Amino acid sequence: MLSVESVFFSPRDKRDDANRARLSFFHEDGDHMALLNVYKEYKANKAANKWCFDHFINPKSMTKVIDVRQQLVDYVKAMGCPLELLESTKSIDSELIRRCFVTGFFLNAASLQPDRKYSTLIDHKEVYIHPTSIMISNKPPHVLYNELVLTTKQYMRGVMKIEGAWLPELAPIT
């Protein structure tokens with residue numbers, strides 16, 4: 001879901017409704033887990049366009065999400081890896097997913113400073129949680145982000161809560 005345009009859309013005349021719909025997918029651990037909630041609900045509702053419309057979800061983006069996921073499943077199968085976790089209908093372990101992200105995106109970690117601003121761990125840039133993030137009202141001590149967007153400030157998009165203690169364990173250069 002990170003490789004497609006935003007799965008959410010927000011018409012100007014229904015911005016409040018769209019924001020409420022987005023919050024219905026809220027997950028305390030951040031944007032990635034909220035996107036996983038969108039995916040699970042989309043599948044549970046059989047990819048219905050009406051469901052997408054009612055929840056301000058872009059059906060074209062979700063079709064691409066399904067295509068990308070299938071490509072990844074095909075790669076995993078070709079490598080001979082087990083698919084039990086991918087095919088499981090059990091609840092997903094948020095900590096396991098977040099730890100995996102730390103392993104791959106450790107350079108995108110930031111810590112909350114005493115002045116309530118975030119600082120990237122690698123180059124100590126001042127960064128802020130993007131206003132569209134599920135995490136905008138939270139200020140966890142440590143976060144991981146997918147991208148930085150420069151407007152009037154450096155904003156982190158695709159934000160998830162992580163544990164600072166994971167970094168020395170999972171990141172090769174901390």
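Helices (H or I, at least four residues) and strands (E, at least two) are DSSP runs, numbered from the N terminus.

The model is predicted; local features need pLDDT of at least 70, side-chain atom pairs count only at pLDDT 80 or more, and totals for chains, interfaces and linings use all residues. Residues are numbered from 1 along each chain as its sequence is written, and side-chain values use heavy atoms, with hydrogens and water left out.

The protein contains seven helices and five strands. Along the sequence these elements follow the pattern α-α-α-α-α-α-β-β-β-β-β-α. The radius of gyration, taken over C-alpha atoms, is 17 Å, close to the 16 Å that the globule rule gives for 174 residues, so the protein is as compact as a globular protein of that length. The globule rule is 2.2 Å times the number of residues to the power 0.38. Taken along the principal axes, the C-alpha atoms fill a box of roughly 50 × 45 × 25 Å. Of the 174 residues, 36% count as buried; buried means under 20% relative accessible area, exposed over 50%, and partly exposed in between (1.4 Å probe, protein chains only). Contact means heavy atoms within 4.5 Å, and among contacts between residues at least 6 apart in sequence, 60% join residues at least 24 apart.

Two strands pair if DSSP finds at least two bridges between them. Strand 1 (residues 109-112) and strand 4 (residues 142-150) pair in the antiparallel sense over three bridges. In this part of the sheet, Ala109 stands opposite Leu144 in strand 4, while Ala110 has Val143 of strand 4 as its bridge partner. Val143 in turn has Lys161 in strand 5 as a bridge partner. Strand 4 and strand 5 pair in the antiparallel sense over seven bridges, and a hairpin joins these two strands through three residues.

His32 is placed in helix 2 and counts as buried, at 8% relative accessibility. Leaving aside its neighbours within four places in sequence, His32 is in contact with Leu2, Phe101, Asn146, Gly158, Val159 and Met160.

Two packed helices are described by the angle between their axes and the distance between the axes. Helix 2 (residues 31-44) and helix 4 (residues 59-78) pack at an angle of about 95 degrees, and their axes are 12 Å apart. These two helices are therefore roughly perpendicular to each other; angles under 35 degrees count as roughly parallel, over 145 as roughly antiparallel, 65 to 115 as roughly perpendicular and the rest as oblique. On the side of helix 2, Val38, Tyr39, Tyr42 and Lys43 meet Pro59, Met62, Thr63, Val65, Ile66 and Arg69 in helix 4. The residues of this contact divide into seven nonpolar, one polar and two charged. In this division Ala, Val, Leu, Ile, Met, Phe, Trp, Tyr, Cys and Pro count as nonpolar, Asp, Glu, Lys and Arg as charged, and the others, Gly among them, as polar.

The loop between helix 2 and helix 3 (49-54) holds Lys46, and Ala47 is placed in the loop between these helices as well. Lys46 has a positive phi of about 55 degrees although it is not a glycine. Ala47, likewise not a glycine, has a positive phi of about 55 degrees. Lys46 counts as exposed at 72% relative accessibility, whereas Ala47, at 34%, counts as partly exposed.

At the other end of the account, Ala171 is found in the segment after helix 7 (166-170). Ala171 is buried, with a relative accessible area of 6%. Apart from neighbours within four places in sequence, Ala171 is in contact with Phe106 and Trp166. The C-alpha atoms of Ala171 and Ser61, which lie 110 residues apart along the chain, are separated by 32 Å.

Notes
Axes fitted to C-alpha atoms, helices over the stretch in contact; angles between N-to-C directions.
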